[in-house]
Amino acid sequence: MWLLLPILLYSIVFLYVRHIYSHWRRKGIPSEPATLSWDFLCQAYRREFRHVEAICEAYHEGRDRLHGIYCFFRPVLLVRNVELARHVLQQANGHFMETKWDYVKGYRRFNLLEKLAPMFGTKRLQPMLLNTQDVANQMIHHLQQRELQGVVELDVQQLLRIYAVNIMGNLVYGLDVNNFEQQDHILNSFAENTAQHGNLQCFTLRGVPQKSTLTYRLLDIIQRNVEQREERGIIRKDMLQLLVKFRNGNDLGSDKWQVEHAIEEDKLMSIKRLAQVAEDLLQSALDSLASTITLTLYEIAQQPLIVEKLQAEIKELQSDGDGQLQLQLLEQLEGMKYMEMCVKETLRKYPPVPLIERTCRKSYTLPATKFTVGEGKTLMIPLLAIQRDEKYFSEPLKYKPLRFLHDKLKQSTQCPSAFVGFGIGGAQCVAQNFAKMVIKVALIKLLQHYDIEWNENAAAVVEVSHLPAPLITSPDGLRLKLKAREILAHSNYRKNSI
Ligand code: HEM
(Lines give C-alpha, C1' and ligand atoms only; values in the text may rest on other atoms or scores of the structure.)
Protein backbone atom coordinates (compact mmCIF):
# COMPACT_ATOMS: atom_id res chain seq x y z
CA MET A 1 0.00 0.00 0.00
CA TRP A 2 2.72 2.50 1.07
CA LEU A 3 4.71 1.61 -2.01
CA LEU A 4 1.75 2.24 -4.29
CA LEU A 5 1.29 5.81 -3.10
CA PRO A 6 4.60 7.21 -4.44
CA ILE A 7 4.13 5.26 -7.66
CA LEU A 8 0.66 6.77 -8.05
CA LEU A 9 1.96 10.25 -7.26
CA TYR A 10 4.81 9.86 -9.72
CA SER A 11 2.42 8.63 -12.42
CA ILE A 12 0.09 11.62 -11.92
CA VAL A 13 2.99 14.09 -12.15
CA PHE A 14 4.39 12.23 -15.16
CA LEU A 15 1.07 12.26 -17.02
CA TYR A 16 0.46 15.90 -16.14
CA VAL A 17 3.89 16.97 -17.42
CA ARG A 18 3.45 14.84 -20.55
CA HIS A 19 0.07 16.44 -21.16
CA ILE A 20 1.55 19.94 -20.93
CA TYR A 21 4.50 19.04 -23.11
CA SER A 22 2.25 17.72 -25.84
CA HIS A 23 0.33 21.01 -26.05
CA TRP A 24 1.77 22.16 -29.38
CA ARG A 25 1.59 18.72 -30.93
CA ARG A 26 -2.09 18.56 -30.06
CA LYS A 27 -2.62 22.01 -31.58
CA GLY A 28 -0.77 21.04 -34.77
CA ILE A 29 1.96 23.64 -34.29
CA PRO A 30 5.53 22.55 -35.07
CA SER A 31 7.57 22.33 -31.91
CA GLU A 32 10.59 20.61 -30.54
CA PRO A 33 10.34 17.69 -28.14
CA ALA A 34 10.44 19.02 -24.58
CA THR A 35 12.11 17.25 -21.69
CA LEU A 36 12.48 18.11 -18.06
CA SER A 37 15.91 17.01 -16.93
CA TRP A 38 17.38 17.27 -13.46
CA ASP A 39 20.26 19.24 -14.93
CA PHE A 40 17.90 21.82 -16.38
CA LEU A 41 16.00 22.15 -13.09
CA CYS A 42 19.25 22.74 -11.18
CA GLN A 43 20.44 25.35 -13.69
CA ALA A 44 17.07 27.11 -13.65
CA TYR A 45 17.06 27.15 -9.83
CA ARG A 46 20.56 28.65 -9.74
CA ARG A 47 19.50 31.06 -12.51
CA GLU A 48 22.27 29.71 -14.66
CA PHE A 49 20.13 28.39 -17.46
CA ARG A 50 20.74 30.39 -20.65
CA HIS A 51 17.13 31.12 -21.51
CA VAL A 52 17.76 33.71 -24.15
CA GLU A 53 20.29 31.56 -25.97
CA ALA A 54 17.95 28.54 -25.76
CA ILE A 55 15.12 30.56 -27.31
CA CYS A 56 17.44 31.77 -30.09
CA GLU A 57 18.35 28.15 -30.81
CA ALA A 58 14.67 27.23 -31.01
CA TYR A 59 14.16 30.15 -33.40
CA HIS A 60 16.91 28.90 -35.69
CA GLU A 61 15.76 25.31 -35.55
CA GLY A 62 12.17 26.21 -36.43
CA ARG A 63 11.07 26.16 -40.06
CA ASP A 64 7.64 27.85 -39.99
CA ARG A 65 6.42 31.32 -39.03
CA LEU A 66 5.35 29.93 -35.67
CA HIS A 67 7.22 27.54 -33.43
CA GLY A 68 5.94 26.10 -30.19
CA ILE A 69 8.24 26.14 -27.17
CA TYR A 70 7.84 25.54 -23.45
CA CYS A 71 9.03 27.97 -20.82
CA PHE A 72 9.05 25.55 -17.94
CA PHE A 73 5.41 24.45 -17.87
CA ARG A 74 4.16 27.34 -19.95
CA PRO A 75 3.52 26.69 -23.66
CA VAL A 76 4.69 29.78 -25.56
CA LEU A 77 4.34 30.51 -29.26
CA LEU A 78 7.54 31.81 -30.80
CA VAL A 79 6.99 34.21 -33.71
CA ARG A 80 9.64 33.57 -36.36
CA ASN A 81 8.58 36.07 -38.96
CA VAL A 82 9.13 39.84 -38.93
CA GLU A 83 5.85 40.83 -40.59
CA LEU A 84 3.91 38.65 -38.20
CA ALA A 85 5.92 39.99 -35.26
CA ARG A 86 5.18 43.58 -36.30
CA HIS A 87 1.51 42.69 -36.71
CA VAL A 88 1.34 41.26 -33.21
CA LEU A 89 3.18 44.22 -31.67
CA GLN A 90 1.02 46.72 -33.50
CA GLN A 91 -2.21 44.95 -32.73
CA ALA A 92 -4.48 47.85 -31.97
CA ASN A 93 -7.60 45.87 -31.19
CA GLY A 94 -6.64 45.33 -27.61
CA HIS A 95 -5.87 41.63 -27.97
CA PHE A 96 -2.51 41.94 -26.25
CA MET A 97 -2.82 44.88 -23.90
CA GLU A 98 -0.51 44.53 -20.89
CA THR A 99 -2.03 45.26 -17.49
CA LYS A 100 1.12 46.32 -15.65
CA TRP A 101 0.62 50.02 -16.32
CA ASP A 102 -3.16 50.03 -15.90
CA TYR A 103 -4.28 52.53 -13.32
CA VAL A 104 -7.65 52.96 -11.71
CA LYS A 105 -8.76 56.25 -10.16
CA GLY A 106 -12.36 56.40 -9.01
CA TYR A 107 -14.39 55.02 -11.89
CA ARG A 108 -11.67 55.72 -14.43
CA ARG A 109 -9.19 53.18 -15.73
CA PHE A 110 -6.30 54.42 -17.82
CA ASN A 111 -2.88 53.40 -19.04
CA LEU A 112 -0.30 55.24 -17.00
CA LEU A 113 2.42 54.97 -19.62
CA GLU A 114 0.25 56.70 -22.24
CA LYS A 115 -0.44 59.53 -19.81
CA LEU A 116 3.22 59.88 -18.89
CA ALA A 117 4.48 59.80 -22.50
CA PRO A 118 4.75 63.64 -22.79
CA MET A 119 7.47 63.43 -20.10
CA PHE A 120 9.80 62.19 -22.82
CA GLY A 121 8.86 64.73 -25.50
CA THR A 122 11.48 67.13 -26.93
CA LYS A 123 10.11 70.11 -24.95
CA ARG A 124 10.62 68.29 -21.67
CA LEU A 125 13.92 66.64 -22.57
CA GLN A 126 15.58 69.88 -23.62
CA PRO A 127 16.14 71.18 -20.05
CA MET A 128 17.12 67.69 -18.91
CA LEU A 129 19.98 67.74 -21.42
CA LEU A 130 21.82 70.09 -19.05
CA ASN A 131 21.51 67.70 -16.10
CA THR A 132 22.63 64.84 -18.34
CA GLN A 133 25.73 66.75 -19.35
CA ASP A 134 26.51 67.56 -15.72
CA VAL A 135 26.46 63.87 -14.89
CA ALA A 136 28.63 63.06 -17.93
CA ASN A 137 31.09 65.78 -16.87
CA GLN A 138 31.29 64.18 -13.42
CA MET A 139 32.23 60.93 -15.13
CA ILE A 140 34.99 62.62 -17.12
CA HIS A 141 36.24 64.38 -13.97
CA HIS A 142 36.32 60.99 -12.21
CA LEU A 143 38.34 59.49 -15.07
CA GLN A 144 40.75 62.43 -15.13
CA GLN A 145 41.45 61.91 -11.44
CA ARG A 146 42.30 58.25 -12.10
CA GLU A 147 44.57 58.95 -15.05
CA LEU A 148 48.18 57.80 -14.83
CA GLN A 149 50.23 59.65 -17.40
CA GLY A 150 47.17 60.29 -19.48
CA VAL A 151 45.97 56.68 -19.47
CA VAL A 152 43.22 55.09 -17.43
CA GLU A 153 42.47 51.38 -17.61
CA LEU A 154 39.21 50.31 -16.07
CA ASP A 155 36.03 48.25 -16.28
CA VAL A 156 33.84 50.46 -18.47
CA GLN A 157 30.78 48.32 -17.76
CA GLN A 158 30.97 49.32 -14.10
CA LEU A 159 31.75 52.95 -14.97
CA LEU A 160 28.70 53.23 -17.19
CA ARG A 161 26.45 51.52 -14.75
CA ILE A 162 27.33 54.22 -12.23
CA TYR A 163 26.72 56.84 -14.93
CA ALA A 164 23.25 55.37 -15.58
CA VAL A 165 22.47 55.27 -11.84
CA ASN A 166 23.56 58.90 -11.47
CA ILE A 167 21.38 59.95 -14.41
CA MET A 168 18.31 58.26 -12.99
CA GLY A 169 19.11 59.48 -9.45
CA ASN A 170 19.36 63.00 -10.78
CA LEU A 171 16.33 63.01 -13.04
CA VAL A 172 13.89 60.58 -11.44
CA TYR A 173 14.77 60.95 -7.76
CA GLY A 174 15.69 64.64 -7.96
CA LEU A 175 19.04 64.07 -6.21
CA ASP A 176 22.34 65.73 -7.05
CA VAL A 177 24.03 62.44 -6.42
CA ASN A 178 27.51 61.56 -7.65
CA ASN A 179 28.14 57.87 -7.05
CA PHE A 180 31.58 58.19 -8.63
CA GLU A 181 32.63 59.93 -5.40
CA GLN A 182 29.88 59.08 -2.93
CA GLN A 183 30.30 55.33 -2.45
CA ASP A 184 27.83 54.95 0.43
CA HIS A 185 24.77 56.45 -1.22
CA ILE A 186 21.67 54.25 -1.26
CA LEU A 187 21.48 54.34 -5.06
CA ASN A 188 25.01 52.99 -5.26
CA SER A 189 23.70 49.50 -4.53
CA PHE A 190 22.01 49.59 -7.94
CA ALA A 191 25.40 50.15 -9.52
CA GLU A 192 26.82 47.07 -7.90
CA ASN A 193 24.58 44.13 -8.56
CA THR A 194 22.66 43.70 -11.76
CA ALA A 195 21.16 40.36 -10.91
CA GLN A 196 19.56 41.48 -7.71
CA HIS A 197 17.61 44.36 -9.11
CA GLY A 198 16.53 43.25 -12.56
CA ASN A 199 12.74 43.28 -12.73
CA LEU A 200 12.46 42.65 -16.44
CA GLN A 201 10.41 39.71 -17.59
CA CYS A 202 12.06 36.59 -16.28
CA PHE A 203 11.75 33.55 -18.48
CA THR A 204 11.20 31.02 -15.78
CA LEU A 205 9.91 33.05 -12.87
CA ARG A 206 7.47 35.23 -14.77
CA GLY A 207 4.89 36.68 -12.44
CA VAL A 208 6.82 36.00 -9.25
CA PRO A 209 7.28 39.40 -7.58
CA GLN A 210 10.89 40.47 -7.14
CA LYS A 211 11.63 41.62 -3.62
CA SER A 212 13.50 44.87 -3.25
CA THR A 213 14.74 45.80 0.19
CA LEU A 214 15.49 49.25 -1.14
CA THR A 215 11.91 50.03 -2.02
CA TYR A 216 11.09 51.61 1.36
CA ARG A 217 14.20 53.76 1.41
CA LEU A 218 13.49 54.94 -2.10
CA LEU A 219 9.93 55.73 -1.05
CA ASP A 220 11.35 57.98 1.70
CA ILE A 221 13.42 59.92 -0.84
CA ILE A 222 10.42 60.38 -3.11
CA GLN A 223 8.18 61.41 -0.22
CA ARG A 224 10.61 64.10 0.96
CA ASN A 225 11.09 65.45 -2.53
CA VAL A 226 7.42 65.45 -3.47
CA GLU A 227 6.53 67.33 -0.29
CA GLN A 228 9.18 69.94 -0.99
CA ARG A 229 7.87 70.53 -4.48
CA GLU A 230 4.19 70.58 -3.55
CA GLU A 231 4.43 72.53 -0.32
CA ARG A 232 7.36 74.84 -0.95
CA GLY A 233 6.88 75.23 -4.69
CA ILE A 234 10.45 74.14 -5.42
CA ILE A 235 10.95 73.60 -9.15
CA ARG A 236 13.59 71.29 -10.59
CA LYS A 237 13.38 70.50 -14.27
CA ASP A 238 13.43 66.74 -14.05
CA MET A 239 11.16 63.72 -14.41
CA LEU A 240 10.15 63.79 -10.77
CA GLN A 241 8.75 67.28 -11.29
CA LEU A 242 6.64 65.94 -14.15
CA LEU A 243 5.47 62.99 -12.09
CA VAL A 244 4.45 65.41 -9.34
CA LYS A 245 2.63 67.55 -11.90
CA PHE A 246 0.80 64.47 -13.15
CA ARG A 247 -0.13 63.54 -9.56
CA ASN A 248 -1.73 66.95 -9.23
CA GLY A 249 -3.71 66.60 -12.45
CA ASN A 250 -1.55 69.17 -14.34
CA ASP A 251 -1.11 68.99 -18.10
CA LEU A 252 2.26 67.43 -18.97
CA GLY A 253 2.07 68.72 -22.54
CA SER A 254 2.30 72.40 -21.51
CA ASP A 255 5.57 74.35 -21.13
CA LYS A 256 5.11 75.03 -17.43
CA TRP A 257 7.17 73.26 -14.80
CA GLN A 258 5.55 74.55 -11.63
CA VAL A 259 3.02 72.38 -9.81
CA GLU A 260 -0.49 73.83 -9.88
CA HIS A 261 -3.62 72.99 -7.83
CA ALA A 262 -1.83 70.92 -5.20
CA ILE A 263 -5.08 69.99 -3.42
CA GLU A 264 -4.96 66.77 -1.43
CA GLU A 265 -8.39 65.40 -2.44
CA ASP A 266 -7.75 65.86 -6.17
CA LYS A 267 -4.53 63.90 -6.32
CA LEU A 268 -4.46 61.43 -9.21
CA MET A 269 -1.76 59.25 -7.72
CA SER A 270 -0.60 58.42 -4.21
CA ILE A 271 3.05 59.01 -3.23
CA LYS A 272 3.46 55.24 -2.86
CA ARG A 273 2.32 54.66 -6.43
CA LEU A 274 4.52 57.51 -7.64
CA ALA A 275 7.50 55.91 -5.91
CA GLN A 276 6.65 52.62 -7.61
CA VAL A 277 6.56 54.33 -11.02
CA ALA A 278 9.93 55.95 -10.25
CA GLU A 279 11.42 52.57 -9.32
CA ASP A 280 9.98 50.96 -12.46
CA LEU A 281 11.58 53.69 -14.58
CA LEU A 282 14.87 53.21 -12.76
CA GLN A 283 14.77 49.46 -13.34
CA SER A 284 13.79 49.78 -17.02
CA ALA A 285 16.53 52.31 -17.62
CA LEU A 286 19.64 51.13 -15.79
CA ASP A 287 20.68 48.02 -17.65
CA SER A 288 19.53 49.16 -21.06
CA LEU A 289 21.45 52.43 -20.85
CA ALA A 290 24.60 50.97 -19.35
CA SER A 291 24.75 47.96 -21.68
CA THR A 292 24.16 50.00 -24.84
CA ILE A 293 26.96 52.45 -24.08
CA THR A 294 29.32 49.71 -22.88
CA LEU A 295 28.76 47.48 -25.88
CA THR A 296 29.11 50.39 -28.30
CA LEU A 297 32.52 51.09 -26.76
CA TYR A 298 33.35 47.39 -26.86
CA GLU A 299 32.60 47.18 -30.58
CA ILE A 300 34.14 50.44 -31.71
CA ALA A 301 37.28 49.80 -29.68
CA GLN A 302 37.95 46.95 -32.11
CA GLN A 303 37.49 49.21 -35.14
CA PRO A 304 39.57 52.39 -34.71
CA LEU A 305 38.21 53.81 -37.94
CA ILE A 306 34.72 54.01 -36.44
CA VAL A 307 36.16 55.82 -33.39
CA GLU A 308 37.85 58.27 -35.72
CA LYS A 309 34.65 58.93 -37.63
CA LEU A 310 32.71 59.46 -34.43
CA GLN A 311 35.35 61.83 -33.09
CA ALA A 312 35.19 63.76 -36.36
CA GLU A 313 31.43 64.07 -36.00
CA ILE A 314 31.84 65.25 -32.42
CA LYS A 315 34.37 67.81 -33.65
CA GLU A 316 31.66 69.34 -35.82
CA LEU A 317 29.70 70.25 -32.69
CA GLN A 318 30.26 73.73 -31.32
CA SER A 319 32.67 73.92 -28.41
CA ASP A 320 34.08 76.92 -26.56
CA GLY A 321 37.68 78.21 -26.71
CA ASP A 322 38.97 75.52 -24.28
CA GLY A 323 37.50 72.78 -26.39
CA GLN A 324 34.80 72.27 -23.74
CA LEU A 325 31.63 71.08 -25.33
CA GLN A 326 28.32 72.32 -24.00
CA LEU A 327 25.42 70.96 -25.99
CA GLN A 328 22.61 73.48 -26.08
CA LEU A 329 20.03 71.80 -28.21
CA LEU A 330 18.67 68.31 -28.62
CA GLU A 331 18.73 68.85 -32.38
CA GLN A 332 22.53 68.83 -32.20
CA LEU A 333 22.33 65.24 -30.97
CA GLU A 334 19.73 64.30 -33.53
CA GLY A 335 21.99 65.68 -36.26
CA MET A 336 24.73 63.18 -35.40
CA LYS A 337 23.82 60.67 -38.07
CA TYR A 338 26.86 58.43 -37.79
CA MET A 339 26.53 58.15 -34.03
CA GLU A 340 22.84 57.38 -34.49
CA MET A 341 23.78 54.49 -36.80
CA CYS A 342 26.33 53.17 -34.30
CA VAL A 343 23.78 53.19 -31.47
CA LYS A 344 21.25 51.49 -33.72
CA GLU A 345 23.81 48.85 -34.71
CA THR A 346 24.57 48.17 -31.04
CA LEU A 347 20.86 47.83 -30.31
CA ARG A 348 20.53 45.48 -33.28
CA LYS A 349 23.35 43.22 -32.24
CA TYR A 350 22.77 43.46 -28.49
CA PRO A 351 19.13 44.40 -27.83
CA PRO A 352 18.81 45.12 -24.09
CA VAL A 353 15.30 43.66 -24.29
CA PRO A 354 16.03 40.43 -26.19
CA LEU A 355 12.50 39.01 -25.95
CA ILE A 356 9.10 40.65 -25.94
CA GLU A 357 6.17 38.70 -24.62
CA ARG A 358 2.50 39.37 -25.26
CA THR A 359 -0.27 37.62 -23.37
CA CYS A 360 -3.58 37.32 -25.14
CA ARG A 361 -6.41 39.12 -23.39
CA LYS A 362 -8.99 38.03 -25.91
CA SER A 363 -8.57 35.23 -28.44
CA TYR A 364 -6.71 36.23 -31.57
CA THR A 365 -6.61 34.59 -34.97
CA LEU A 366 -3.19 34.94 -36.53
CA PRO A 367 -3.22 36.59 -39.96
CA ALA A 368 -3.10 34.24 -42.96
CA THR A 369 -3.62 31.19 -40.72
CA LYS A 370 -6.54 29.39 -39.22
CA PHE A 371 -4.78 29.25 -35.88
CA THR A 372 -6.34 31.10 -32.97
CA VAL A 373 -4.33 31.97 -29.88
CA GLY A 374 -6.53 31.46 -26.85
CA GLU A 375 -7.04 33.88 -23.97
CA GLY A 376 -4.19 33.77 -21.46
CA LYS A 377 -1.76 32.23 -23.94
CA THR A 378 1.59 33.87 -24.66
CA LEU A 379 3.28 34.92 -27.87
CA MET A 380 7.00 35.66 -27.80
CA ILE A 381 8.90 37.91 -30.21
CA PRO A 382 12.60 36.98 -30.06
CA LEU A 383 14.17 40.37 -30.92
CA LEU A 384 17.71 39.09 -30.50
CA ALA A 385 17.22 36.12 -32.84
CA ILE A 386 15.39 38.21 -35.46
CA GLN A 387 17.99 40.97 -35.41
CA ARG A 388 20.78 38.43 -35.78
CA ASP A 389 19.06 36.51 -38.55
CA GLU A 390 21.05 36.44 -41.80
CA LYS A 391 17.74 36.63 -43.66
CA TYR A 392 17.24 40.18 -42.44
CA PHE A 393 20.77 41.47 -41.83
CA SER A 394 23.75 40.26 -43.83
CA GLU A 395 26.75 39.16 -41.74
CA PRO A 396 24.68 39.64 -38.60
CA LEU A 397 27.53 39.13 -36.16
CA LYS A 398 29.62 41.88 -37.73
CA TYR A 399 29.33 45.36 -36.31
CA LYS A 400 28.55 47.52 -39.34
CA PRO A 401 26.84 50.83 -38.50
CA LEU A 402 26.61 51.80 -42.15
CA ARG A 403 24.08 49.05 -42.74
CA PHE A 404 21.59 51.62 -41.43
CA LEU A 405 22.51 54.23 -43.97
CA HIS A 406 19.23 55.12 -45.60
CA ASP A 407 20.21 54.64 -49.25
CA LYS A 408 22.08 51.43 -48.56
CA LEU A 409 19.07 49.91 -46.94
CA LYS A 410 16.93 50.69 -49.94
CA GLN A 411 19.36 49.05 -52.35
CA SER A 412 20.29 46.01 -50.34
CA THR A 413 18.30 42.92 -49.60
CA GLN A 414 18.33 43.80 -45.94
CA CYS A 415 15.11 44.38 -44.11
CA PRO A 416 15.03 47.65 -42.11
CA SER A 417 11.71 46.68 -40.55
CA ALA A 418 13.49 43.83 -38.78
CA PHE A 419 15.06 46.36 -36.43
CA VAL A 420 12.78 46.62 -33.40
CA GLY A 421 15.26 47.62 -30.71
CA PHE A 422 12.78 49.90 -28.94
CA GLY A 423 9.75 47.79 -29.80
CA ILE A 424 6.92 49.02 -31.99
CA GLY A 425 3.24 49.75 -31.69
CA GLY A 426 1.37 51.04 -28.67
CA ALA A 427 3.70 49.44 -26.11
CA GLN A 428 7.02 50.50 -27.62
CA CYS A 429 9.60 52.06 -25.33
CA VAL A 430 8.11 55.29 -24.11
CA ALA A 431 11.53 56.69 -23.22
CA GLN A 432 13.45 56.05 -26.43
CA ASN A 433 14.29 59.71 -27.08
CA PHE A 434 15.49 60.09 -23.53
CA ALA A 435 17.56 56.90 -23.82
CA LYS A 436 19.21 58.08 -27.05
CA MET A 437 20.01 61.44 -25.45
CA VAL A 438 21.70 59.85 -22.42
CA ILE A 439 23.61 57.33 -24.54
CA LYS A 440 24.85 59.92 -27.02
CA VAL A 441 25.93 62.41 -24.36
CA ALA A 442 28.04 59.73 -22.66
CA LEU A 443 29.63 58.66 -25.95
CA ILE A 444 30.30 62.27 -26.96
CA LYS A 445 32.00 63.14 -23.69
CA LEU A 446 34.05 59.95 -23.58
CA LEU A 447 35.20 60.09 -27.19
CA GLN A 448 35.87 63.81 -27.01
CA HIS A 449 38.29 63.28 -24.16
CA TYR A 450 39.67 59.82 -24.83
CA ASP A 451 40.89 57.42 -27.47
CA ILE A 452 39.95 53.84 -26.77
CA GLU A 453 42.59 51.17 -26.79
CA TRP A 454 41.68 47.58 -27.39
CA ASN A 455 43.65 45.00 -25.52
CA GLU A 456 43.98 41.98 -27.85
CA ASN A 457 44.70 39.65 -24.93
CA ALA A 458 41.59 40.77 -23.08
CA ALA A 459 39.50 40.15 -26.21
CA ALA A 460 39.84 36.42 -25.80
CA VAL A 461 38.23 36.46 -22.36
CA VAL A 462 35.36 38.88 -22.94
CA GLU A 463 32.07 37.06 -22.94
CA VAL A 464 28.86 38.91 -23.69
CA SER A 465 25.90 36.90 -22.48
CA HIS A 466 22.35 37.14 -21.22
CA LEU A 467 23.11 35.81 -17.77
CA PRO A 468 21.26 36.55 -15.57
CA ALA A 469 18.52 36.59 -18.19
CA PRO A 470 17.46 38.76 -19.80
CA LEU A 471 20.18 41.29 -19.00
CA ILE A 472 22.99 41.57 -21.48
CA THR A 473 26.32 41.89 -19.75
CA SER A 474 29.86 40.76 -19.74
CA PRO A 475 30.01 38.68 -16.53
CA ASP A 476 33.63 39.60 -15.84
CA GLY A 477 33.26 43.23 -16.81
CA LEU A 478 34.85 44.90 -19.79
CA ARG A 479 38.28 46.36 -19.29
CA LEU A 480 39.37 49.00 -21.76
CA LYS A 481 42.23 51.47 -21.86
CA LEU A 482 41.23 55.10 -22.26
CA LYS A 483 44.00 57.36 -23.47
CA ALA A 484 43.56 61.11 -22.95
CA ARG A 485 43.53 62.92 -26.26
CA GLU A 486 44.30 66.42 -27.28
CA ILE A 487 41.19 68.07 -28.54
CA LEU A 488 42.18 68.70 -32.15
CA ALA A 489 41.43 71.85 -34.10
CA HIS A 490 40.81 70.08 -37.38
CA SER A 491 39.11 66.83 -38.00
CA ASN A 492 40.91 63.78 -39.38
CA TYR A 493 37.77 62.51 -40.93
CA ARG A 494 38.45 59.67 -43.30
CA LYS A 495 35.87 58.76 -45.85
CA ASN A 496 36.47 55.00 -45.74
CA SER A 497 33.32 53.15 -44.95
CA ILE A 498 32.91 50.55 -42.27
C1 HEM B 1 18.78 51.64 -25.04
C2 HEM B 1 17.84 51.84 -24.22
C3 HEM B 1 16.47 51.20 -24.23
C4 HEM B 1 15.97 50.23 -25.04
C5 HEM B 1 16.65 49.50 -26.18
C6 HEM B 1 14.60 50.00 -24.61
C7 HEM B 1 13.75 49.09 -25.21
C8 HEM B 1 12.50 48.82 -24.74
C9 HEM B 1 11.64 47.81 -25.28
C10 HEM B 1 11.96 46.89 -26.45
C11 HEM B 1 10.50 47.83 -24.55
C12 HEM B 1 9.35 46.88 -24.66
C13 HEM B 1 8.35 47.34 -25.66
C14 HEM B 1 7.27 46.33 -25.80
O15 HEM B 1 6.93 45.61 -24.86
O16 HEM B 1 6.76 46.29 -26.90
C17 HEM B 1 10.63 48.86 -23.55
C18 HEM B 1 9.67 49.18 -22.62
C19 HEM B 1 9.82 50.17 -21.69
N20 HEM B 1 10.87 51.01 -21.53
FE21 HEM B 1 12.57 51.01 -22.62
N22 HEM B 1 14.33 50.83 -23.56
C23 HEM B 1 15.44 51.59 -23.30
C24 HEM B 1 15.58 52.55 -22.33
C25 HEM B 1 14.61 52.94 -21.46
C26 HEM B 1 14.75 53.98 -20.48
C27 HEM B 1 15.99 54.83 -20.27
C28 HEM B 1 13.57 54.05 -19.80
C29 HEM B 1 13.17 54.95 -18.66
C30 HEM B 1 13.58 56.14 -18.41
C31 HEM B 1 12.70 53.06 -20.36
C32 HEM B 1 11.41 52.83 -19.96
C33 HEM B 1 10.62 51.85 -20.47
C34 HEM B 1 9.33 51.53 -19.91
C35 HEM B 1 8.68 52.21 -18.71
C36 HEM B 1 8.82 50.48 -20.68
C37 HEM B 1 7.51 49.75 -20.48
C38 HEM B 1 7.91 48.55 -19.65
C39 HEM B 1 6.82 47.64 -19.34
O40 HEM B 1 5.75 47.68 -19.93
O41 HEM B 1 7.10 46.83 -18.44
N42 HEM B 1 13.37 52.40 -21.37
N43 HEM B 1 11.87 49.44 -23.69
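Glu 345 and Arg 348 form a salt bridge in which the closest N and O atoms are 2.8 Å apart, a salt bridge being a side-chain nitrogen of Lys or Arg within 4 Å of a carboxyl oxygen of Asp or Glu. The model is a predicted one, in which local features need pLDDT of at least 70 and side-chain atom pairs count only at pLDDT 80 or more, while totals for chains, interfaces and linings use all residues. Residues are numbered from 1 along each chain as its sequence is written, and side-chain values use heavy atoms, with hydrogens and water left out.

Both partners of this pair lie in helix α16, three residues apart, or about one turn of the helix; helices (H or I, at least four residues) and strands (E, at least two) are DSSP runs, numbered from the N terminus. Glu 345 is buried, with a relative accessible area of 0%, and Arg 348 also counts as buried at 0%, where buried means under 20% relative accessible area, exposed over 50%, and partly exposed in between (1.4 Å probe, protein chains only). Helix α16, residues 337–349, also holds Leu 347, which counts as buried because its relative accessibility is 5%. Although Leu 347 and Phe 422 are 75 residues apart in sequence, their C-alpha atoms are 8.4 Å apart in space.

The structure holds 19 salt bridges. One of them joins the side chains of Arg 74 and Glu 357, at 3.2 Å from N to O. This pair links distant parts of the chain, with Arg 74 in strand β2 (residues 74–79) and Glu 357 in strand β6 (residues 356–359), 283 residues apart. Glu 357 is buried, with a relative accessible area of 2%.

Another salt bridge joins Asp 176 to Arg 236, with the closest N and O atoms 2.9 Å apart. Asp 176 lies in the loop between α8 (156–171) and α9 (188–192), and Arg 236 in the loop between α11 (215–231) and α12 (239–247), so the pair ties together parts that are 60 residues apart in sequence. Asp 176 is exposed, with a relative accessible area of 66%, whereas Arg 236 is buried at 16%.

We turn next to the ligand. Its iron atom has a single donor from the protein, the SG atom of Cys 429, 2.4 Å away; donors are N, O and S atoms within 2.8 Å of the metal (3.2 Å for Na, K and Ca), and water is not among the atoms, so sites may look incomplete. Cys 429 is placed in the loop between α18 (406–411) and α19 (432–449).
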